[in-house]
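Here is a short report on ring contacts and open space. Look over the structure first, then read on.

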Amino acid sequence: MASSETKTGLTDTGAARAAGNQPTGGLEAGLDALESAVAGPSRTSFRQTFANKILPPLVATVVVLAGWQALITFKIVDDPTKLPSPADVAGEFRNSWLEGTLFDYIWTSVSRGLLGFLFALAIGTPLGLLVARVKFVRAAIGPVLSGLQSLPSVAWVPPAVIWLGLNNSMMYAVILLGAVPSIANGLVSGIDQVPPLFLRAGRTMGASGLKGAWHIVLPAALPGYLAGLKQGWAFSWRSLMAAEIIASSPDLGVGLGALLENGRNASSMSMVFEAIFLILFVGIAIDLLIFSPLERWVLRSRGLLVKS
């Protein structure tokens with residue numbers, strides 16, 4: 001009798017434990033599944049990459065070109081001075097390629113844009129740290145940075161021309177005035193989202209001052225900082241295009257903005273569309289080659305991206 005009671009008691013105890021541990025068991029199973037997913041192969045096959053990343057933009061491009069050609073074929077827009085055909089724009093690209101000027105247009109603008117963005121990065125990063133960490137500086141110039149970020153970049157072109165003249169320094173000044181506020185504000189936003197526990201733990205381990213900013217603050221604020229960098233590049237690229245359109249000079253060479261303005265002056269919509277497509281191509285290429293890999297690295301380092 002006693003043995004049966006003991007057996008029954010053990011059985012009830014085991015059932016109670018199983019019932020009590022069921023949520024924990026489900027949590028462990030989920031963690032095991034996540035661990036196995038992370039530990040498994042992270043590389044996808046070329047077929048999956050093609051179907052998920054390459055095919056959709058190709059289909060979208062074909063659809064846009066087909067609709068564009070349909071407007072010409074069915075004479076919905078029959079004025080070539082307003083809407084050239086895809087063949088006319090392709091012919092403009094071909095002429096630029098044969099003349100050897102296509103890559104000159106791209107390189108003139110890209111070299112200016114990247115160099116100006118690096119200058120803005122070198123200024124905006126310490127400025128953002130200063131604004132985020134010093135209350136007086138934040139109260140003094142924080143609203144000014146927000147106001148400058150909302151100011152259209154084209155507004156800086158006339159004063160920059162008057163101050164610096166028609167040269168590359170004017171271009172870089174416009175890029176800086178357009179990009180620095182976005183980079184600084186992005187870093188400030190990222191630092192504001194750093195948990196205070198991280199800062200206290202860093203000070204406990206002796207990471208204070210510049211050491212704490214480098215080892216604790218910047219890594220923790222990296223997502224917001226990266227968002228500010230992307231926005232800063234967008235502002236710098238738009239600022240450069242505005243400067244090249246308005247302040248054109250033979251001494252400055254022919255960039256993409258100047259090419260766009262030349263097409264307008266020549267009433268050549270084919271050249272205008274060529275410049276627009278090249279500006280769009282550079283923007284997409286910079287995002288795919290620089291910022292998208294950085295975003296994936298940040299997400300993967302924080303366990304937020306299982307598969308690349």
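## Aromatic pairs

Eight aromatic pairs occur in the structure. Rings of Phe, Tyr and Trp (its six-membered ring) pair if their centres lie within 6.5 Å; planes under 30 degrees apart are stacked, over 60 edge-to-face, the rest tilted. The model is predicted: local features need pLDDT of at least 70, side-chain atom pairs count only at pLDDT 80 or more, and totals for chains, interfaces and linings use all residues. Residues are numbered from 1 along each chain as its sequence is written, and side-chain values use heavy atoms, without hydrogens and water.

Phe117 and Trp233 form an edge-to-face pair, because their ring centres are 5.9 Å apart and their planes stand at 90°. Phe117 belongs to helix α5 (residues 102–133) and Trp233 to helix α11 (residues 222–246), so this pair ties together parts 116 residues apart in sequence. Helices are DSSP runs (H or I, at least four residues), numbered from the N terminus. Both Phe117 and Trp233 are buried, meaning under 20% relative accessible area; exposed is over 50%, and partly exposed lies in between (1.4 Å probe, protein chains only).

## A second pair and a cluster

The rings of Phe119 and Tyr172 are also edge-to-face, since their centres are 5.9 Å apart and their planes at 90°. This pair links distant parts of the chain: Phe119 is in helix α5 and Tyr172 in helix α8 (residues 168–192), 53 residues apart. Phe119 is partly exposed, at 39% relative accessible area.

Phe117, Trp233, Trp237 and Phe291 are joined into a cluster by ring pairs.

Definitions and conventions
Helix = DSSP H or I, 4+ residues; strand = E, 2+ residues; numbered from the N terminus.
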